[in-house]
Amino acid sequence: MTKKQLAKEVIERLKKEYPDAGCTLDYDQAWKLLVSVRLAAQCTDARVNVVVEDLYKKFPDVNALADADVSEIEEIVRPCGLGKSKARDISACMKMIRDEYDGKVPDDFDALLKLPGVGRKSANLIMGDVFGKPAIVTDTHCIRLSNRIGLVDDLKDPKKVEMALWKIVPPEEGSDFCHRLVYHGRDVCTARTKPYCEKCCLEDICKKKGV
């Protein structure tokens, strides 16, 4: 089985297993997803979803957050860890969206990368979830499972994993596929415990690297 054939089979099986898999960060506007994905670095999505409720009560739109004192943002987002740098990035990002993009999050990948605190993973998440464009989000689950299943070979660098997956994953499948890897990585192919291979829908095709 080639890597492209393996990818196709993995995608189809995960679709059946997690038909409704989507982003686990709560948002109803593009700028809110930008804020949440910055806060999610080294923090659980569940905690981020709780913390942003207080943030948006105090600063309900881009302008309010852009005008906010960084120390006020930091005070609210501190439970997510790295409060100082995250607050600084969020403030600078909202200012740039307000001043350069008329308050709207750009739908261009390169433009997203220029926003403070936004890397390839975040930009891909925005492109896929908000704008419905081809995207591959190489978070820790994606990197770990892609290696373990055998879709990529001993790659740990997020960009290298992303580029390798672009070659074998159909563009229209990338975003949902990465979301499903998150669900699968949490429920079955776990990191902190021995993976539950006996109940895995990929058991007979997975290379089980590192297991």
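Modeller: Contact, in what follows, means that heavy atoms lie within 4.5 Å. The model is predicted, so local features need pLDDT of at least 70 and side-chain atom pairs count only at pLDDT 80 or more, while totals for chains, interfaces and linings use all residues. Residues are numbered from 1 along each chain as its sequence is written, and side-chain values use heavy atoms, with hydrogens and water left out.

The part in question comes from the record: an unreviewed UniProt entry lists Cys189, Cys197, Cys200 and Cys206 under "binding site". The four are spread over 18 residues of sequence but cluster in space, with a largest C-alpha distance of 10.8 Å. Cys189, Cys197, Cys200 and Cys206 also belong to the lining of the largest cavity. UniProt positions follow the numbering used here, feature names are shortened, and annotations may be inferred rather than shown by experiment.

Two of these cysteines can be described individually. Helices (H or I, at least four residues) and strands (E, at least two) are DSSP runs numbered from the N terminus. Cys189 lies in the segment that comes after helix 11 (174–187), and Cys197 is likewise found in the segment after helix 11. Buried means under 20% relative accessible area, exposed over 50% and partly exposed in between, with a 1.4 Å probe and protein chains only. Cys189 has a relative accessible area of 9% and is therefore buried; Cys197 counts as buried because its relative accessibility is 18%. Not counting residues up to four places away in sequence, Cys189 touches Arg144, Leu145, Arg148, His184 and Pro195. With neighbours within four places in sequence left aside, Cys197 is in contact with Glu203, Lys208 and Val211.

On a 1 Å grid over the protein atoms alone, a cavity is a set of points where a 1.4 Å probe fits but cannot get out, and a pocket is an open set with protein on both sides within 12 Å along at least five of seven lines; lining residues have an atom within 4 Å of a point. Grid points are joined across faces, edges and corners, and a volume is the space filled by probe spheres set on the points. By this rule there are two cavities of 30 Å³ or more. The largest cavity holds about 110 Å³ of space. It is lined by 15 residues, of which His184, Cys189, Cys197, Cys200 and Cys206 are the closest to its centre. Helix 9 gives the most to the lining of this cavity, with three residues.

Among the 30 residues lining the largest pocket, Asp45, Asp139, Thr140, His141 and Arg186 are the closest to its centre. At least two lining residues come from each of helix 3 (45–58), helix 8 (120–130), helix 9 (140–149) and helix 11. Helix 11 is the greatest contributor to this lining, with five residues.

Leaving out residues up to four places away in sequence, Ile149 touches Leu6, Val10, Leu181, Leu202, Ile205, Cys206 and Lys207. In soluble globular proteins, nonpolar side chains tend to be buried together. A nonpolar core is a set of buried Ala, Val, Leu, Ile, Met, Phe, Trp, Tyr and Cys residues joined through side-chain atoms within 4.5 Å. The largest such core has 69 residues, and Val35, Leu55, Leu65, Met94, Ile149, Leu165 and Phe177 touch the most other members. Helix 2 (residues 30–39) gives the most to this core, namely seven residues. Domain 1 (1–20 + 134–197) and domain 2 (28–129) each supply at least three residues to the core.

Domain bounds come from an automatic or database domain assignment. The centres of domain 1 and domain 2, taken over C-alpha atoms, are separated by 26 Å. Their contact takes 13 residues from domain 1 and eight residues from domain 2. The unreviewed UniProt entry also carries the annotation "domain: HhH-GPD" for residues 39–187. That span is 64% helix and 0% strand, and its end C-alpha atoms lie 23 Å apart.
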